[in-house]
Amino acid sequence: MERIILHIDMDAFFAAIEERDNPQFKGKPIIVGADPKEGKGRGVVSTANYEARKYGIHSAMPISWAYRRLPQATFLPVDMEKYQSVSERVMGIIRGFADKPALRSPEHNRRGEGGFEQVSVDEAYLEISNFKFPISNWEKVEEIAKRIKEEIWEKEKLTCSIGIGPNKLIAKLASGRKKPDGLTIIKPEEVLDFLSASSVDELPGVGPKTNAKLNRLGIYTIGQLRKYPRDFLAENFGKFGFDFWEMARGIDEGEVGGENEIKSVGRQTTFEKDLSDPKEITAGFLNLADQVWRDLKEEGFGGKTITIIVRYENFETHTKANTLKTTISDFKTLKVHGLKLLLPYLLRKRPIRLVGVRISSLTKART
Ligand code: TTP
Ligand code: MG
């Protein structure tokens, strides 16, 4: 089965956020990281904007070196809380594309597959193989990538680079090809040429040590790597040797989402007016649970974890979850365990504004 996978990577992420939020720094070199303490600082550079990169500043460089090289740059501390919340919004936008019913094929919608995987604070994969249009419609593929870029720009005023390929490996390598604000599509028939010209240290798992070893063997490009037999690579690089052999041929079966993807189905409802009567709340809750149960069956997956949400009239919100030993197989199980979680909140007799119920599980990799 041919696939189309996008790899989206934000440009100079931390620095771009600072540049956006501090227009006075626009166009000037910005370095985000440890305090340089006029060259005596001990930490490292987290990232630098593209202006600072022109002077050779890069992630993980000691901050003291960066200071010596570019003392006139603006040095800013890492504001992780801010970057995390921007990250969540950006990931929400990308995830939104995996979930747009209008883009997905009916089969895709029926099975409820996400095809989204966040890999770091500023990177994610999105699989669009199951979308409505034929897999070879590259115009449409490009249009979706552009729509993602536009939405991130519109809502967050940040740019990203997108790589598109038949698997995660190619998509990832492609996103790094044109930065910033790049869009690189590698069609299946272009994969081998694309790889041949790429350097081996671009491959995941090739750090400085392995790269040096490959170089000693005369292997600099992935094209050169491809000339070596599998046994030779296994002898020299152990189990990674097999991976190298496959990667050199553009083979990567890795699933988007894979085993780490948490899938869930849930609903919540805000009552017309705040409710204090346990009977009324229970009725509302069971109505919701019934809808969730139907959604779950429609999506065609099972879950083991039940989570309930209760919001009191003052917006104080509580969630409680219970993970069962086996997949919830009938509505009665959901009802019994859901009500058990809800009961302590009913007993408080405080007016409740909203209740919610969610079923989730860690799914298996897709096949
Ligand atoms: P990257 O995506 O590797 O880098 P980047 O987004 O800054 O730049 P590029 O345009 O090349 O993608 O990492 C994302 C963020 O993670 C980066 O903004 C800062 C942080 N980071 C560190 O804190 N330390 C590091 O060594 C690296 C590589 C990244
Ligand atoms: Mg990035």
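Tutor: The count comes to 19 salt bridges, a salt bridge being a side-chain nitrogen of Lys or Arg within 4 Å of a carboxyl oxygen of Asp or Glu. This is a predicted model, where local features need pLDDT of at least 70, side-chain atom pairs count only at pLDDT 80 or more, and totals for chains, interfaces and linings use all residues. Residues are numbered from 1 along each chain as its sequence is written, chains are lettered from A and ligands numbered from 1 in the order written, and side-chain values use heavy atoms, without hydrogens and water.

Side chains of opposite charge can pair when their charged atoms come close.

Take Lys82 and Glu18. Their side chains form a salt bridge, 3.4 Å from N to O. Lys82 is in helix α4 (residues 80-98) and Glu18 in helix α1 (residues 13-21), 64 residues apart. Helices (H or I, at least four residues) and strands (E, at least two) are DSSP runs, numbered from the N terminus. Glu18 is buried, at 6% relative accessible area, while Lys82 is partly exposed at 22%. Buried means under 20% relative accessible area, exposed over 50%, and partly exposed in between (1.4 Å probe, protein chains only).

Next, Arg20 meets Glu156 in a salt bridge, 3.0 Å from N to O. Arg20 is in helix α1 and Glu156 in helix α6 (residues 138-156), 136 residues apart. Arg20 is partly exposed at 27%. Glu156 is buried at 7%.

Now join these pairs up. Glu18, Arg20, Asp21, Lys82, Arg89 and Glu156 are linked in a network of salt bridges.
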